[in-house]
Amino acid sequence: MHQNSSRKDRLFILIAMTIMLASLYVWSTPASSNSAASEHVVDKSSAQEQQQGKEAGNNAWKEDAKIASSPENVPASKQELEHLTDHPFDPHDMSLMGIHLDDSSDYITSSWGEPSSSYVMPEEDPVKVLEYDGFSVGCTAGGHIAFVEVHQAGLRTGIEGLQVGEHSESVKEALGAPDQDSGYVWGYYSNQSMLRLDLDPTTSKIHAVKLFRSNA
């Protein structure tokens with residue numbers, strides 16, 4: 001009798017433990033599933049955000065490239081060089097880059113656009129230097145042209161046969177003999193103006209060209 005009672009007690013305990021384990025499984029399984037589903041949604045959302053960010057970056061890059069290549073954003077000097085005409089050198093009507101010393105600073109910006117950079121030369125009469133692609137223009141406080149200088153090789157100057165990098169002999173054929181020749185500086189004078197050519201003494205090639213006022 002005692003053995004039967006003991007068997008029934010063990011059977012009851014076994015059944016109770018089985019029910020308890022089943023309950024624990026039922027309650028824990030949905031939580032795990034929900035957690036996995038939540039992680040999947042987060043991962044999917046993160047991937048979508050990354051893809052959208054990548055597409056936005058590509059679109060921004062394309063737009064920047066489009067803006068940079070548009071005619072409005074090409075340096076002003078490159079646009080205007082297409083309309084710059086080279087003329088035979090005239091010592092009585094000197095100009096450089098199509099600019100005369102009697103022109104105004106307003107004419108420069110209206111013809112060539114805004115400079116890529118500018119600075120002021122700290123002199124007794126300050127001169128503001130406007131930097132363009134391959135050349136620069138100095139302007140006085142009164143808005144007059146102080147000088148025009150070309151320093152980029154191969155850049156058209158508005159004067160036939162004259163470019164930085166050209167050999168002095170070919171330039172002399174186009175402009176004639178200079179009024180001044182120091183071996184490394186040539187000068188052409190007229191009407192209180194001077195066209196100065198700086199030469200490389202080792203190669204006899206033009207290093208820079210500058211037009212400015214002179215009392216000579």
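# Strand pairing in the sheet

Val148 stands opposite Leu211, a residue of strand 8. The structure is a predicted model, in which local features need pLDDT of at least 70 and side-chain atom pairs count only at pLDDT 80 or more, while totals for chains, interfaces and linings use all residues. Residues are numbered from 1 along each chain as its sequence is written, and side-chain values use heavy atoms, with hydrogens and water left out.

Strands (E, at least two residues) and helices (H or I, at least four) are DSSP runs numbered from the N terminus, and two strands pair if DSSP finds at least two bridges between them.

| Strands | Bridges | Sense |
|---|---|---|
| strand 3 (residues 135-140) and strand 4 (residues 145-150) | five | antiparallel |
| strand 4 and strand 8 (residues 205-213) | four | antiparallel |
| strand 7 (residues 193-200) and strand 8 | eight | antiparallel |

Looking along these pairings residue by residue, one finds Cys139 opposite Ile145 in strand 4, and Ser193 opposite Arg213 in strand 8. Strand 7 and strand 8 also form a hairpin, with four residues between them, and in its turn Ser204 has a positive phi of about 60 degrees.

A search of the whole structure finds three aromatic pairs, that is, rings of Phe, Tyr and Trp (its six-membered ring) with centres within 6.5 Å, counted as stacked under 30 degrees between planes, edge-to-face over 60 and tilted for the rest. The rings of Trp112 and Phe135 have centres 4.9 Å apart and planes at 65 degrees, so this pair is edge-to-face. Trp112 lies in helix 3 and Phe135 in strand 3, 23 residues apart, so that the pair links distant parts of the chain.
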